[in-house]
Every structure is written in C-alpha cells, then in structure tokens.
Amino acid sequence: MSELRQMRQARQQWRGWVVAAALASAGLGPAASAAAAQAAVPDTMAQRMQACTVCHGKEGRATNAGYFPRIAGKPAGYLYNQLVNFREGRRHNATMSYLVEHLSDEYLREIAGHFAGLDLPYPPPQSTAVAPAQRELGAALVQRGDRQRNIPACVSCHGQHMTGAQPALPGLLGLPRDYLMGQLGAWRTGQRRAAAPDCMATIANRLTPQEVGAVAAWLSAQPIPADARPAPRPSSPLPLDCGSGLQ
C-alpha cells in the first residue's frame, strides 16, 4: 500500500469515527439508538487512537519496512513535541496536521502518554546490502561522531544503546532506513524543524549525503537490546543546545 493511500485511509477512518460519534450523541431515533447500543465501543484512549494504527502499525509498533516510524515506547516528551510540531507547522505531513490541528496541549499530552506507556516487541532489524566501508562509516558517526567537524556521536544524546533517553530524546533503533534518511534529509532542507535552537538541523547540515545514507543504513540494521526502554535523563549536558531535547 502506498504512503499516499495509507494517509487517505487514515483520514477517512478518522472522519468516520467523528461522524459516528456525532450521530450517537445526537440520538437520532430508536433505530439509531439501538444500532449504537449494539455496536457500543469502549471510550478508551486505545480505541480513540485506532486511526493512528493505519500508518504506524498495530498499537503504534510499526514494522521494519516502509516509511512510517514506530511511536510505541518513545519518550512522552518526544511524542508530545512532535505532535506540537505538526500542529504548529514545524513538521509537514498533511494527515498528521489534519488530525492534530484542533487538539489542545492537554490532549496531545494524553496521546503522547498513551503511546509512551506501551512496552511492545520490536520487529527484527532490516537486512540490506551495505558495502563494508559504508557500514564502518555509519558505525563511526553513530558511536564516535566527528570532533573535527563538531559532529557529536548519536549515542551522546540518544543513549548508549540508541533506545533514547527521558524525557524527550527518541530511540533510533527499529526504524526503517528510508524513514531515517528522509528525516535527516528533511532537516537538511528545512522541511523538518524543531523548537529553537534546533540541534538536529545543525547536525544534519554538517553531514554529507553519503554520511546520511551510512548512518541510516547502520542504525536500521542494528538488533534491539533486551531492554529497549528509554534511558533515564542524561546526567551530563547535551553536546549541543537543543530546544526540545530535555523537555
């Protein structure tokens, strides 16, 4: 299924639930009331978030293919920040913007908390053919960075096991290579932004296109550790000032 088709399906499903809720609340006659009672749906956050699963996979766990990221188990602060970024136009995705444009900060925090609290299995890592030199380049940048160009190691922010850190630093494992490349590319071109100072835009613009590909290929191929939960809040300052990394 193409990304565009998935986006359309998500929007149609969301609209269907909105219409169904409006009809039920309006109490349109005995027949409608009986049908509503027969098809009663529990009013839980898990049920409300079913629209998200069209793109992000069952319970937001996604897969190791395609372009949509896993959101289950990500730090709540990170998920909240991204929902705000979509609502405020710092990130661009027609479906996401449509779904959150009228939601309050309070409700966005509820959504973020719901997905952050899910501790679910990860898919196996992607298996893609990568030249040894590219694999070594990706590993070096993730684990050590490049001090001469002031490129910090990914592990210095996203945790030694790359599973993220509280309260708002995301894990980078279990994500498709194409998604990782797309997001780093979006930061390079200004299509994706975060609250200032936007440290990821700074880092992405110091990477060459070859390095972006190498980092994405290496990350997407890494196995998931037994404990994939985000690490505690870093005890040391981040290597670059970030507007949203620790809040």
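A search of the whole structure, a predicted model, returns one aromatic pair (ring centres of Phe, Tyr or Trp, the last by its six-membered ring, within 6.5 Å). Its members are Tyr67 and Tyr179, with centres 5.6 Å apart and planes at 70°, an edge-to-face arrangement (planes over 60 degrees apart). The pair joins distant parts of the chain, 112 residues apart: Tyr67 belongs to the loop between helix 4 (53-56) and helix 5 (76-88), and Tyr179 to helix 10 (helices being DSSP runs of H or I, at least four residues, numbered from the N terminus). Tyr179 is buried at 8% relative accessible area, whereas Tyr67 is partly exposed at 29% (buried is under 20%, exposed over 50%, partly exposed in between; 1.4 Å probe, protein chains only).

Two further tyrosines carry a charge over the ring (NZ of Lys or CZ of Arg within 6 Å of the ring centre and within 35 degrees of the ring normal). Arg70 covers the face of Tyr122 at 3.5 Å from the ring centre, and the charged end of Arg109 is 3.8 Å from the centre of Tyr80.

Beyond neighbours within four places in sequence, Leu219 contacts Val142, Met162, Leu172, Leu173 and Leu180 (heavy atoms within 4.5 Å).

Residues are numbered from 1 along each chain as its sequence is written, and side-chain values use heavy atoms, without hydrogens or water. Local features need pLDDT of at least 70 and side-chain atom pairs 80 or more, while totals for chains, interfaces and linings use all residues.

How values were computed. Rings of Phe, Tyr and Trp (its six-membered ring) pair if their centres lie within 6.5 Å; planes under 30 degrees apart count as stacked, over 60 as edge-to-face and the rest as tilted. Helices (H or I, at least four residues) and strands (E, at least two) are DSSP runs, numbered from the N terminus.
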